[in-house]
Amino acid sequence: MLQSESHSDVKPCARGGFSSGLNLYATVATLGLLQRFGIVHLPASLQVLAHPWVIGIAAGLYLIEFFADKIPYVDTIWDFIHTFIRPPAAALLAYAAAGGAGAEWRWGAALLAGGVALTSHGTKASARAAVNASPEPFSNWTLSLGEDVLAVWLSWLANAHPVATTIVVVALLAVCVFLLYHLFRFARRSIRKLLAS
C-alpha cells in the first residue's frame, strides 16, 4: 500500500513544477499555507513547508520578487538569476514529495519537475524580455500579476484536482512550446535587422 501511495506522490510534484518555474516563492508559500490551514495534505516529506519560518521566508522573497518583477529590465536580471534557482528547486521539491517511492520514481519525478519548471521559466523570461521593448509599463505588470495568480492557482489545483491539473499543465506546456518557437524567431529576425543596419 505504501508503494502505491508513494507513486501517486510523484504526479502532483511533477505538475507543481510548472508553478515553481513561474514563481517559486509563491508556490512554496502557497503550499505551506494550504498545509498549515488543513486545506491540503502534503506528503510527510513536504510538511516542513508549513513551518512558520519557511512560510515567512518564502513570503518575504515573494514580496521582493513581486516588486522586482514590475520593473522593466530588473525583471530580466531577476529571471536570469532564477534560471539557476527555479528549476533545481522544483526538482528538489519533487524529489522530496516522492519520499516514500523507490529511487527511480524519485529521480524521475525530480527530472520531470525540473524540466517542466525550466520550460515555464524559459517561456516567462523570454516573454518578459520581449514585453520590455514596449514603452508602457502596463503589459509588464499584467503579465507579472497573471504569472503570480497562475502559480498560486496551480499550486492549489495540483493537490485538490490532480487530473485536471495534468490536463491544464499539458495544455500550458503546449502553449509554452508555441510561444518559445515564435519568440526565438522574432529574436533572430531582430538580431539580423540590427546586424544589417
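# Briefing: patches, a charge network and a few helices

Trp156 counts as partly exposed, since its relative accessible area is 30% (the scale here: buried is under 20% relative accessible area, exposed is over 50%, and partly exposed is in between, with a 1.4 Å probe and protein chains only). Keep in mind that this is a predicted model, where local features need pLDDT of at least 70, side-chain atom pairs count only at pLDDT 80 or more, and totals for chains, interfaces and linings use all residues. Residues are numbered from 1 along each chain as its sequence is written, and side-chain values use heavy atoms, leaving out hydrogens and water.

**Surface patches**

- Trp156 sits in helix α7, which covers residues 138-160.
- Together with Leu33, Phe37, Ile39 and Trp153, Trp156 makes up a nonpolar surface patch with about 520 Å² of accessible area in total.
- Patch members have over 30% relative accessible area and no salt bridge; like charges are joined within 9 Å, and nonpolar side chains (Val, Leu, Ile, Met, Phe, Trp, Tyr) within 5 Å.
- The areas themselves come from the Shrake-Rupley method with a 1.4 Å probe, and for residues only the protein chains shown count as cover.
- There's a positive patch too, built from Arg185, Arg188, Arg189, Arg192 and Lys193.
- For charge, Lys and Arg count as positive and Asp and Glu as negative, while His and the chain ends are not counted; each charge is placed at NZ of Lys, CZ of Arg, CG of Asp or CD of Glu.

**Salt bridges**

- Side chains of opposite charge can pair when their charged atoms come close.
- The rule used here asks for a side-chain nitrogen of Lys or Arg within 4 Å of a carboxyl oxygen of Asp or Glu, and by this rule there are eight salt bridges.
- Lys124 pairs with Glu65 at 3.7 Å, N to O. That pair links distant parts of the chain, with Lys124 in helix α6 (residues 103-131) and Glu65 in helix α3, 59 residues apart.
- Both Lys124 and Glu65 are buried.
- Arg128 has a salt bridge to Asp69, with 3.3 Å between the closest N and O atoms. Arg128 is in helix α6 and Asp69 is in the loop between α3 and α4, so this pair ties together parts 59 residues apart in sequence.
- Arg128 is buried at 0% relative accessibility, and Asp69 is buried at 1%.
- Lys124 also bridges to Glu147, where the closest N and O atoms are 3.2 Å apart. Here the link runs from Lys124 in helix α6 to Glu147 in helix α7, 23 residues apart.
- Glu147 is buried, as is Lys124.
- Through shared partners, salt bridges join Glu65, Asp69, Asp75, Asp79, Arg86, Lys124, Arg128 and Glu147 into one network.

**Helix α5**

- Helix α5 runs over residues 86-97, and its end C-alpha atoms lie 16 Å apart, which agrees with the 16 Å its 12 residues should span at 1.5 Å a residue.
- That expected span is 1.5 Å times one less than the number of residues.
- Nine of the 12 residues of α5 are buried, so the rest of the structure largely encloses this helix.
- The buried residues of α5 are Arg86, Pro87, Ala89, Ala90, Ala91, Leu93, Ala94, Ala96 and Ala97.

- Tyr73 isn't a glycine, yet has a positive phi of about 75 degrees.
- You'll find Tyr73 in the loop between α3 (52-68) and α4 (74-82), where Tyr73 is exposed with a relative accessible area of 52%.

**Sequence gaps versus distances in space**

- Leu179 and Lys124 are 55 residues apart along the chain, with 9.7 Å between their C-alpha atoms. Leu179 is in helix α8 and partly exposed at 35% relative accessibility.
- Ala59 and Ala109 are 50 residues apart in sequence and 26 Å apart, C-alpha to C-alpha. Ala59 is part of helix α3 and partly exposed, with a relative accessible area of 31%.
- Gly16 and Ala133 are 117 residues apart along the chain, and 30 Å separates their C-alpha atoms. Gly16 belongs to helix α1, residues 2-22, and counts as buried at 17% relative accessibility.

Definitions and conventions. Helices (H or I, at least four residues) and strands (E, at least two) are DSSP runs, numbered from the N terminus.
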